[in-house]
Amino acid sequence: MQLMRSPRMLDLEITSRCNARCRYCYYMNNEGVCYEDLSTRRWLELFAEAGKAAVMSVCFAGGEPFLREDLFELIDGVVRNRMRFQILTNGRLVDREVAQRLKATRRLDSIQVSLDGSRAEVHESMRGQGSFQPALRAIRILKEEGLPVTVRTTIHAQNVDDLPGVAHLLLEEIGLPSFSTNSV
């Protein structure tokens with residue numbers, strides 16, 4: 001058996017900053033750690049090295065990746081180095097312009113939006129007040145733009161009984177082919 005000389009995919013937490021305060025987040029519940037984002041230049045150097053090593057894909061995670069003002073510059077660096085990309089987001093900063101910019105890259109494999117309930121009171125019980133409608137709006141915009149949107153639901157005590165509602169909302173009302181789950 002021959003092993004690959006480099007990773008196929010890189011999962012990168014490009015920022016610790018977030019515009020949500022999820023009760024179960026390891027960033028927000030870890031006051032003893034001082035997080036510092038890498039500079040644009042350092043990320044672009046990493047992408048050049050990854051491209052030379054034949055890495056195929058990069059997953060942008062955080063915190064919230066869209067809080068980085070240079071996110072599209074980082075995406076351009078990935079694309080320039082012949083890689084594809086994914087994004088994990090809470091959806092708050094995704095609008096039609098963002099969706100169209102992502103679409104224009106023609107290198108987006110998926111954009112995953114976090115949605116923990118079929119109703120605001122369920123989703124927001126862990127993800128914070130005012131977080132449900134922006135996530136739902138982002139999912140709909142991304143789907144309308146023909147982007148490969150996925151949804152991840154984090155299962156916890158406040159939403160376990162709402163999973164049938166989440167399935168109905170995502171699969172029947174919005175028309176996604178599937179969604180995935182994980183647990184706190």
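The model is a predicted one, in which local features need pLDDT of at least 70 and side-chain atom pairs count only at pLDDT 80 or more, while totals for chains, interfaces and linings use all residues. Residues are numbered from 1 along each chain as its sequence is written, and side-chain values use heavy atoms, with hydrogens and water left out.

The structure holds 10 salt bridges, a salt bridge being a side-chain nitrogen of Lys or Arg within 4 Å of a carboxyl oxygen of Asp or Glu. One of them joins Arg-127 to Asp-116, with the closest N and O atoms 2.9 Å apart. This pair links distant parts of the chain, since Arg-127 lies in helix H4 (residues 120-127) and Asp-116 in the loop between strand S4 (108-114) and H4, 11 residues apart. Helices (H or I, at least four residues) and strands (E, at least two) are DSSP runs, numbered from the N terminus. Arg-127 is buried, with a relative accessible area of 10%, and Asp-116 also counts as buried, at 0%; here buried means under 20% relative accessible area, exposed over 50%, and partly exposed in between, with a 1.4 Å probe and protein chains only.

Arg-119 takes part in a salt bridge with Glu-121, where the closest N and O atoms are 2.8 Å apart, and in another with Asp-162, where they are 3.2 Å apart. Arg-119 itself is partly exposed at 39% relative accessibility, whereas Glu-121 is exposed at 53% and Asp-162 is buried at 8%. Elsewhere, Arg-41, Arg-42 and Glu-45 are linked in a network of salt bridges.

Turning to the helices, H1 (residues 40-52) and H2 (residues 71-80) pack at an angle of about 15°, with their axes 9 Å apart. H1 is therefore roughly parallel to H2, because angles under 35 degrees count as roughly parallel, over 145 as roughly antiparallel, 65 to 115 as roughly perpendicular and the rest as oblique. Axes are lines fitted to C-alpha atoms, for helices over the stretch in contact, and angles run from 0 to 180 degrees between N-to-C directions. Thr-40, Trp-43, Leu-44 and Phe-47 in H1 meet Glu-73, Leu-74, Gly-77, Val-78 and Arg-80 in H2, contact meaning heavy atoms within 4.5 Å.
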